Amino acid sequence: MNKLLPTALLLAVAGVAQAQVTVYGLIDMSYGKNNILDDALGRPRQKADFHSGGDDFSSQGNSTTRLGVKGSADIGSGVKGNFKFETAGITSDGDVGTAGQPFFNRQAWVGASGSFGEVRLGRQDSVPYQTMFDFDFNGAANAVTALGNSAVAPWLPGRQSRSLQYISNDFGGVTVQAGFVPEGNPTLPVGTTAKSVFSVGVKYAVGPLALAAAGQTKATSTGKNFASVAGSYDLRVVKLMASYANGGDIATGGSGKGIGLGVVAPVAGFNIGAHVAKNSDNAYKTTAVELFANREIFKNTYAYLDLGRTVNKTAPAPDVNANAYALGAIYVF
């Protein structure tokens, strides 16, 4: 064994030397609160405080504080080998994620790319999320996301482990992405049955116009299929967005259905915008509003102000209002 160790180390060093490896990250520090989350968790509403973007299950601030490593290397015949590992949210206490959460909870995949497109295998964002994320003009903000807080985000399905995905190259502005997760999920609650998950997303983006559609089959016997469509148009002075998502009836295990609208405009060096979204499911009649402003103040450093409000007409009681806000800065490296 001792004779093999130096060889293994040499191979590891050689591999790093050949690959283009990058350590990257994002640090989000803010002052604010998220009473929308407090109500969802059934806990007393918290007062405003300083937060890292990884606090409260990454539901504070604008973006999740995290650290990652990614790399790419030519492995021959015009094919590149790629990988990406990204930590769970880093909290104000310096913890990574929550108890029992994997260290690389956000991304942990390996793949290959070339003239055929790209193939990835491992833990990664769902196909609907990757297809639809750009239609959220505030980047699915942690605390105030109107599309997420109303459960009608076109990007709603979250990350998946054991996910095999294919991403096509761009063909005249059209890209196609498909995913597969086999059944056999060992982490499901007793009484549920895992099902193989299939997903597909199609996006068209040429000039000022972008259109997309995505769908994903249910992951369990008690779950629901998901489908969404979205479109945006950039008028230069203002950019507009409309979306529709249907995650199935909440009463039978879905996330509801509804529309989202968005607008963003450059004003005196700031990006200023708003989203409004409404879940029309009878079991969760919730309307959410989001206002935001941000700008780059130094190289790779951004200041932001996010304001959010939800009005829930069904639970826990009629016309329950909740607010969230965050004033902060993001440093990307």
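Me: Where does Ser52 lie?
Reply: In this predicted model, Ser52 is part of strand β2, which covers residues 49-52.

Me: Buried or exposed?
Reply: Ser52 counts as buried, because its relative accessibility is 2% and the cut-off for buried is under 20%.

Me: What is Ser52 in contact with, leaving aside neighbours within four places in sequence?
Reply: Ser52 is in contact with Asp28, Met29, Gln60, Thr65, Ile90, Thr91 and Ser92.

Me: Met29, ok. Which C-alpha separation is there between Gly61 and Met29?
Reply: The two C-alpha atoms are separated by 7.0 Å, while Gly61 and Met29 are 32 residues apart along the chain. Gly61 sits in the loop between α3 and β3 (66-76).

Me: And is Gly61 buried or exposed?
Reply: Buried, with a relative accessible area of 2%. Outside the four places on either side in sequence, Gly61 is in contact with Asp28, Ser30, Asn142, Ala143, Tyr304 and Ala326. Asp28 is also on the contact list of Ser52.

Me: Now the strands. How do β15 and β16 pair?
Reply: Strand β15 (residues 286-298) and strand β16 (residues 301-312) pair in the antiparallel sense, over 12 bridges.

Me: Which strand does β16 join through another 12 bridges?
Reply: Strand β17, residues 320-332, and those two run antiparallel. Across that pairing, Arg309 stands opposite Asn323 in β17.

Me: How many bridges join β1 to β17?
Reply: Nine bridges join strand β1 (residues 20-34) to β17, again in an antiparallel arrangement. Leu26 stands opposite Val332 in β17.

Me: Which element gives the largest share of the lining?
Reply: Strand β7 (residues 160-167) does, with three residues in the lining of the second largest pocket.

Me: And how does the lining split by class?
Reply: The lining of the second largest pocket has 16 polar, nine nonpolar and seven charged residues.

Me: Where does Pro208 lie?
Reply: Pro208 lies in the loop between β9 (197-206) and β10 (209-216). Pro208 counts as partly exposed, at 36% relative accessibility.

Me: What does Pro208 touch, leaving aside neighbours within four places in sequence?
Reply: Pro208 is in contact with Ser232, Tyr233 and Asp234. Pro208 and Asp234 are 26 residues apart in sequence, and their C-alpha atoms are 4.7 Å apart in space.

Me: Last topic, confidence. What is the mean pLDDT of the protein chain?
Reply: The mean is 92, and 91% of the residues reach 70 or more.

Me: Where does pLDDT stay under 50?
Reply: One such stretch is residues 1-5, for which the model has zero contacts beyond four places in sequence. Over residues 7-13 the pLDDT is also below 50, and this stretch has zero contacts in the model beyond near neighbours in sequence.

How values were computed: Residues numbered from 1 in each chain as written. Predicted model: local features only at pLDDT ≥ 70, side-chain atom pairs only at ≥ 80, totals over all residues. Heavy atoms only, no water. Helix = DSSP H or I, 4+ residues; strand = E, 2+ residues; numbered from the N terminus. Nonpolar A, V, L, I, M, F, W, Y, C, P; charged D, E, K, R; others polar. pLDDT = per-residue confidence, 0-100. Contact = heavy atoms within 4.5 Å. Buried < 20%, exposed > 50% of the residue type's maximum accessible area, 1.4 Å probe, protein only. Pairing = 2+ DSSP bridges.
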